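Dear colleague,

Please find the structure below, handed over for your reference.

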Amino acid sequence: MTTRLSKSRIMSSLQCPKRVHLEVNRPELAKYTSAAEAAFALGHQVGEMATKIYDNGNGTLVEYSGGSFSSAIRLTGELMGSLLRAPIFEATIEHQSVLVREDVLLPVGDSDWHLVEVKASTKLKPAHVHDCAIQAWVHIGAGYPLSRVALAHIDRGFEYQGGDDYDGLLVEQDITGQVFDLQPSVPLWVERARDAVEGPMPDISVGAHCRKPYECPFIEFCWPSETPYPVQGLGGNAKKLGEWIGAGYRDIRDVPASKLVSDQQRRIRRITLSGTAELLPGAHQFADALPYPRYYLDFETINPAIPIWPGTRPYQMLPFQWSLHIERQKNGALDHAEFLDLSGDAPMRSLAESLISACGSDGPVLVYTDFEARRIRELAELFADLTTPLQAILSRLVDLHPVTRANYYHPDMLGSWSIKAVLPTIAPDMDYAALEGIHEGTEASAAYLEAINPATPSERRGSIRSDLLRYCRHDTEAMVRLMRFFQSS
């Protein structure tokens, strides 16, 4: 029996034959990150918006609710053969046991069709052309006319004016020539995918392809994880890491020093071999020199592909929450302030005004990475009358990340200086994994969008509010603990 393949399965095989084999034969090994799940949800959201944009009032969405695709394939054929020609969304077509669902089919003339593939990205990528080539091969092979193929992606310059008017959100690029040029290659891709699915698991070494063009959900299965300090903790070039793993090196401590290519890799290996953390005097000197009061600041943000407030653009980074711990003297009691608005109104101005009030007029404002600095600059651009006080806060920012990176490393950080990697090594009681509800920024963004949805029950909204406040507060308290760790060293 010939294995039925989907477009996504063939795309997976182009990235790595081992990936598609695992997707079909060992799906339980897949582990999707919060970011990957958010990307899936975003794709569906943009697809739904595309249906509204392209629908002329009499378009048809080909529904599929699980089980057999037979009814969807049959309905698609009826719609494409109908005298009443209208847009078709999620047209379901099969050819040689390869099944595709086409985002948008637009009728042209008496029998022709234009295919529009919709992506949530902001530009055309090579993988998109391959994606469309597979669809065109199935479409034409099933006996349907096709004269044009376009890729519709988000126009990052689009500014939402309100009123649920998203005309202009998507911009099309005609890729008909590229897609038709690839048609002879598609049967070879199909054969390659079937061989990978039906045969034994392909012996493919790990490398840069594990994250390009998309992050593979089988990374944890394929990359070393059985040792205390997997070799990928050395960081750097994924191709080189793959070569080391292919040569049999599984643990950071196994890799000969002569093969390392950067001072950072040599440092990670040296400290990992020692088995103990390294804390240099510079950390204490830095922490001891900072005056009081100290303000520890963290933002949470959203960057929706489809703007939700007038005057905003796709993927614009918009802060909706802040937490501020205030330390007025060494090892003294902490004050705390916070902002979170779940009304659904644009929160940026209230957020900026409340932050200006809470930060006072003197004392360093500590952050971790330059994320907060970029958001404050953007707020100053949004609200010209707040530029001066926001610039004053900006001038007081002190970034803990480069100081930590230069002066501290623990083997358990596995090559990462993110606050989530550092914190468990200095304050095990504050491990992010132990938090309830929200554990990282992608989850916080998704939770906020759920909370401001009018359809969300009030009880659920209250639970999200508690989770968001707890998570953001955890971030600023983490920086306090880090500074006190440096000072006590």
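Helices are DSSP runs of H or I with at least four residues, numbered from the N terminus. The model is predicted, so local features need pLDDT of at least 70 and side-chain atom pairs count only at pLDDT 80 or more, while totals for chains, interfaces and linings use all residues. Residues are numbered from 1 along each chain as its sequence is written, and side-chain values use heavy atoms, with hydrogens and water left out.

I begin with glutamate 23. This residue belongs to helix 2, which covers residues 17-25. Glutamate 23 has a relative accessible area of 10% and is therefore buried (buried means under 20% relative accessible area, exposed over 50%, and partly exposed in between, with a 1.4 Å probe and protein chains only). Its side chain makes a polar contact of 3.0 Å with the side chain of serine 12. A polar contact here is a pair of N or O atoms within 3.5 Å; within protein, one must be able to donate a hydrogen and the other to accept it, and residues adjacent in sequence count only if both atoms are side-chain atoms. Leaving aside residues up to four places away in sequence, glutamate 23 touches Arg9, Ser12 and Phe218, where contact means heavy atoms within 4.5 Å.

Salt bridges are the next topic. The structure holds 28 of them, each being a side-chain nitrogen of Lys or Arg within 4 Å of a carboxyl oxygen of Asp or Glu. One joins the side chains of lysine 119 and glutamate 117, at 3.1 Å from N to O. Both lysine 119 and glutamate 117 are buried. A network of salt bridges links Lys7, Glu117, Lys119 and Asp131.

Arginine 349 takes part in a salt bridge with glutamate 353, with the closest N and O atoms 2.9 Å apart. Both residues lie in helix 12 (residues 348-358), 4 residues apart, or about one turn of the helix. Glutamate 353 is partly exposed at 37% relative accessible area, and arginine 349 counts as partly exposed at 30%. The side chain of arginine 349 also meets that of aspartate 385 in a salt bridge (2.5 Å, N to O). Because arginine 349 lies in helix 12 and aspartate 385 in the loop between helix 13 (371-382) and helix 14 (387-396), this pair ties together parts that are 36 residues apart in sequence. Aspartate 385 has 53% relative accessibility and so counts as exposed.

Yours sincerely

Notes. Helices (H or I, at least four residues) and strands (E, at least two) are DSSP runs, numbered from the N terminus.
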